[in-house]
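Welcome! Here is a friendly briefing to read alongside the model, taken topic by topic.

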Amino acid sequence: MSVAVRLLPALAVFAWMSPATAQDGPLPNCPDDFTGRRPGQSMTCACRAGSAAEGQVWGTDTYTADSRICVAARHAGLLTANGGEVVVTATRGAASYRGSTRNGVTSDEYEAYDSSFTLRPAAARTATPQPCPENFALYRGVAEPLRCLCPGEAAAIGSVWGVEIYTDDSGICRAAVHAGAIPVTGGVVTLRSLPGRDAYRGALRNGVRSSDFDAWPGSFRFEGVAANVAANPASAAVPVQAPVAQTLAARGQVQLYITFRTNSAELDASAAGVLGELRAALQADPALRLTLVGHTDSTGTAALNRPLSLRRAESVRAWLAAQGIAAGRLAVEGKGPDQPLADNATEAGRALNRRVSAIRAGS
């Protein structure tokens, strides 16, 4: 049998992290492959939900170094629908690699290759769930439930079709509010794939209107709704903050839920956490420039709220500048109550609307 020749990619330089060090904070995403490593080098990394959906793999248990790491991890049985954390170790090349079908992934056989890697599960960690994808279509037919985080602003994103059982292209977080799984300020949800249905009925629930729809090939429903309601009462008025760097990279902007004193632009001490994340994102990417846009709820007059929202954006810029971020990388605007995310009629909605948006230049 002839074997196709595959070119080795150019070597890349990575910041290496030992498995022990990686346990101290969020793990980096796994690289696409493990080429250019010396035998014995290892890395602890995360395969995020959906990262094992495509890519080619050669080998069984020991894989060619240019195999897609997360697909190989799925082949090896180390991932769930939520992804997983693995230790990748570079090994010497082998004279041949055996293909096989495991866990829904078919790996190919291959002849001699000059470098390989093996995989093992990372040490158990208590990890914050990853943000939910916009919809559930990627997980159609996956048996294991997905547990993920809905940040506050995500509940305003997307359309929803169905009641209790939703089309799998419905916006997950908006559907979660509709189902009563979380308040509008966000929370953690667990959802499971279901077969498609011949029809979906729409309804107005919890401030979200879902629509009717005809036949659709995939569905989902939320699990543990009663437990979520008990843990996250609908009156909750503390929005769930999205991971700053990850959300900026994926969407070009992130909502910062920063507590200010009433009718003041003075930062509350609790703002240091989210602003520290924003500072880290700016430090990690020296080319990153942002527009900071202040927003208020509808309490008070627009004539007072617009300048207040600008001063709040300026306070965020001043904090970042004091932390070593050049002020020239940060533009500021104030929109007052003009761009609400949620209904100002409820305290939870007003809490979502009091925010500072960090928007990547050019987005």
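## A first look at the packing

Helix α6 passes α7 in a right-handed crossing; a crossing is right-handed if the near helix is turned clockwise from the far one by less than a right angle, and left-handed if anticlockwise. The model is predicted, so local features need pLDDT of at least 70 and side-chain atom pairs count only at pLDDT 80 or more, while totals for chains, interfaces and linings use all residues. Residues are numbered from 1 along each chain as its sequence is written, and side-chain values use heavy atoms, leaving out hydrogens and water. Helices (H or I, at least four residues) and strands (E, at least two) are DSSP runs, numbered from the N terminus.

**The two helices**

- Two packed helices are described by the angle between their axes and the distance between the axes.
- The axes of α6 (residues 272-284) and α7 (residues 302-322) come within 10 Å and cross at roughly 60°. Axes here are lines fitted to C-alpha atoms, for helices over the stretch in contact, and angles run from 0 to 180 degrees between N-to-C directions.
- The two helices are therefore oblique to each other; angles under 35 degrees count as roughly parallel, over 145 as roughly antiparallel, 65 to 115 as roughly perpendicular and the rest as oblique.
- On the α6 side, the contact is made by Ala272, Leu275, Gly276, Leu278, Arg279 and Leu282, and on the α7 side by Val316, Trp319 and Leu320. Contact means heavy atoms within 4.5 Å.
- By class, this contact has seven nonpolar, one polar and one charged residues. Ala, Val, Leu, Ile, Met, Phe, Trp, Tyr, Cys and Pro count as nonpolar, Asp, Glu, Lys and Arg as charged, and the others, Gly among them, as polar.

**The sheet beside them**

- Four strands form an open sheet with mixed pairing, in the order β15-β18-β16-β17. Two strands pair if DSSP finds at least two bridges between them.
- The edge strands, β15 (253-256) and β17 (330-334), each pair on one side only.
- On average, neighbouring strands of this sheet are turned by 20° against each other, direction ignored.
- Strand β16 (residues 290-295) pairs with β17 in the parallel sense over five bridges, and leucine 292 has valine 332 as its bridge partner in β17.
- Helix α6 lies across β15, β16, β17 and β18 (355-360), and runs at about 160° to β16.
- Helix α7 packs on the sheet too, touching β16, β17 and β18, and its direction makes about 160° with that of β17.

**Pairings of β14**

- Strand β14 (residues 216-223) pairs with β10 (residues 165-167) in the antiparallel sense over two bridges. Threonine 167 has serine 219 as its bridge partner in β14.
- β11 and β14 pair in the antiparallel sense over seven bridges, with serine 193 opposite phenylalanine 220 in β14.

**Residues in loops**

- Proline 183 is found in the loop between α3 (172-179) and β11 (187-197). At 5% relative accessibility, proline 183 counts as buried.
- Proline 183 and cysteine 150 are 33 residues apart in sequence, and their C-alpha atoms are 10.0 Å apart in space.
- Aspartate 61 sits in the loop between β2 (59-60) and β3 (62-64), with phi near 70°, a positive value in a residue other than glycine.
- At 43% relative accessibility, aspartate 61 counts as partly exposed. Buried means under 20% relative accessible area, exposed over 50%, and partly exposed in between (1.4 Å probe, protein chains only).
- Glutamate 164, in the loop between β9 (162-163) and β10, also has a positive phi near 70°.
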